[in-house]
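Hello,

I am handing over the structure we talked about. Please look it over below before reading my notes.

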Amino acid sequence: MVAGFEVRASGSGGRARLLEDLSHSHGLLTTPLPGTVLALGAAVLAVVVVRRARRSRGGRGSLVAGLAGLVGLGVLSAAAYVNAYAGYLPTFAALEEAVGLRQTSGPAAEPPAAHTAPEAATDAPGSGPSRTTGTVTQVEVPAPTLGIRDGTTYVYTPPGYDPSAARRYPVIYLIPGSPGTPADWFRAGRVDRVMDALVAAHAVRPAIVVAVNTGAGALGDTESLDVVGGPKVESYYTTVVVPYVDAHYRTVPDRRDRVIGGMSSGGFGALNVGLRHLELYSTILAFEPYGDPGRENLRRLLGGDARRFRENSPNPYIRTMAFPLPVNVFLDVGGAAGREVHEVRALADALSQRGQQVEFRIEPGARHTWNEAVVGLPYALSFAAAHLP
């Protein structure tokens, strides 16, 4: 067992079974059970409150307390059902992290020391520590000149990673949705646990995973754009984050070993930034992406500049792109997401017609939620691994 997932035999059949297992490994809090239990508790409490109200004339304090408890259980029940639908907090550990009782990772006291001259890029085993799970750390990568003041970034290093060894690793950059934070990829997406299981089964090549900051805070939205009069997020990803990671971690500093991915607005961001920077990324993983930043963001994020809007809208510009370098694109969407399925299919068709390698998946019954991204994530990581050198 690795992080709660059963690792089966490698090989094509074993890999397919493992991917299927991982795609259905949801936590208890993403089922209706907690909400149902809370709703039943509220119903029982309601009966008790009504009976006490009929029998008691002077127990006003206990009645108020009972009513308060009833309201509280009702709110918790509704929240549990919403969470089961969205999949944002799949486990009790994720809930503890969200309310501050547990950290997603140990905050780094200082950034890892930058290394200088890169050795030959290699995937040969080094003499790193023996462990079966990766490590998630938190680093600060701010860029005040670009309007990014909170640079909180989460970095997963795979089992056996040793900063002093010769081995180097590809990097997968992940963008959260909005509202959201980089920690979502570990709380809701559980990408570290999925990577651990895939690496242990030799289904993917060990890789570093970097969950990046969108410059919008927990509740804002930048669509990963260089916002007019705001944070320059695209420039932050490409001119700050990538150089920082290459300087401080044992990466293979080559586009063929870089992957960019995201979900929802982060899926749009990964697709748009990846296509606009083929010199940096060779593979794109987009969950629930859009074909443009959204007309409502034309003025809010792009100052009403229609030219910038077109330049950041993959849906039209893919059809005329030159593609000086090839790109591999994984597109994933929920089958119950309605019109969104047709929009993502159109993106897949346009990329295929331009000669690019595309995998398009529809997750049956899934909607535009983290539950959808969790189902598709193992397949996306497998797709990325298949296209690494």
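What follows is a summary of the fold, the cores, the surface and the backbone.

This is a predicted model, in which local features need pLDDT of at least 70 and side-chain atom pairs count only at pLDDT 80 or more, while totals for chains, interfaces and linings use all residues. Residues are numbered from 1 along each chain as its sequence is written, and side-chain values use heavy atoms, leaving out hydrogens and water.

Overall, the chain has 13 helices and nine strands (DSSP runs, H or I of at least four residues for helices and E of at least two for strands, numbered from the N terminus). Of its 389 residues, 51% count as buried (under 20% relative accessible area with a 1.4 Å probe, protein chains only; exposed is over 50%, and partly exposed lies in between). Among contacts (heavy atoms within 4.5 Å) with a separation of 6 or more, 77% are between residues 24 or more positions apart.

The largest nonpolar core has 48 residues, and Tyr173, Tyr236, Leu275 and Leu331 touch the most other members. Such a core is a set of buried Ala, Val, Leu, Ile, Met, Phe, Trp, Tyr and Cys residues joined through side-chain atoms within 4.5 Å. Elements supplying at least two residues each include strand E4 (171-175), helix H7 (233-248) and strand E8 (328-334). H7 contributes the most, with eight residues. Leaving aside residues up to four places away in sequence, Tyr173 touches Val241, Val242 and Val245, among others. A second, separate core of 39 residues includes Ile172 and Ala211.

Helix H2 (residues 33-55) has 23 residues and should span 33 Å at 1.5 Å a residue, which agrees with its end C-alpha atoms being 33 Å apart (the expected span is 1.5 Å times one less than the number of residues). Pro34, Gly35, Ala42 and Val49 are buried in H2.

Two backbone features are worth a look. Ser178 and Pro179 are joined by a cis peptide bond, with omega about -5°; Pro179 lies in the loop between E4 and helix H5 (184-187). Glu223 and Ser224 are not glycines, yet Glu223 has a positive phi of about 55° and Ser224 one of about 60°. Glu223 counts as buried because its relative accessibility is 6%, and Ser224 because its value is 3%. Most residues other than glycine have a negative phi, and most peptide bonds are trans.

Regards
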